[in-house]
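Hello,

Here is the structure I promised to pass on. My notes on its aromatic rings follow below.

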Amino acid sequence: MVVYLKKTKTREGRIYLSITEGFRKDGKVRTRTVESLGYLDELEKKYDDPIAHFEAQAKAATEEKK
């Protein structure tokens with residue numbers, strides 16, 4: 001099971017961040033959204049580097065699951 005930061009580009013060109021969990025079920029890879037974070041441009045107002053911040057959070061969640 002792996003937890004990672006998913007970056008989705010919208011039609012308007014904005015990037016939406018979410019923490020996603022990848023796992024196997026019945027031999028197929030599935031994903032599940034663990035936490036919806038919001039748009040990157042809005043998160044940059046709260047965090048200096050939101051991508052690095054949430055990637056570290058996802059990595060810690062992966063280690064916790066192991």
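This is a predicted model: local features need pLDDT of at least 70, side-chain atom pairs count only at pLDDT 80 or more; totals for chains, interfaces and linings use all residues.

Now the rings. Searching the whole structure gave 2 aromatic pairs. Tyr 39 belongs to one of them: its partner is Tyr 16, and the geometry is edge-to-face. The centres are 5.0 Å apart, with 80° between the planes. What does this pair tie together? Tyr 16 sits in strand 2 (residues 15–25) and Tyr 39 in strand 3 (residues 28–39), so the contact links parts that are 23 residues apart in sequence. Tyr 16 is partly exposed as well, at 27% relative accessibility.

Another pair is Tyr 47 with Phe 54. Planes over 60 degrees apart count as edge-to-face. Here the angle is 75° and the centres lie 5.2 Å apart, so this pair is edge-to-face. Are its members buried or exposed? Phe 54 is buried, with a relative accessible area of 4%. Tyr 47 has 28% relative accessibility and counts as partly exposed.

Charges over rings come next. Tyr 39 turns up again: the charged end of Arg 14 sits over its ring, 3.8 Å from the centre. The charged end of Arg 32 sits over the ring of Phe 23, and there the distance to the centre is 4.2 Å.

Best wishes

Definitions and conventions
Residues are numbered from 1 along each chain as its sequence is written. Side-chain values use heavy atoms; hydrogens and water are left out. Rings of Phe, Tyr and Trp (its six-membered ring) pair if their centres lie within 6.5 Å; planes under 30 degrees apart count as stacked, over 60 as edge-to-face and the rest as tilted. Helices (H or I, at least four residues) and strands (E, at least two) are DSSP runs, numbered from the N terminus. Buried means under 20% relative accessible area, exposed over 50%, partly exposed in between (1.4 Å probe, protein chains only). A charge sits over a ring if NZ of Lys or CZ of Arg is within 6 Å of the ring centre and within 35 degrees of the ring normal.
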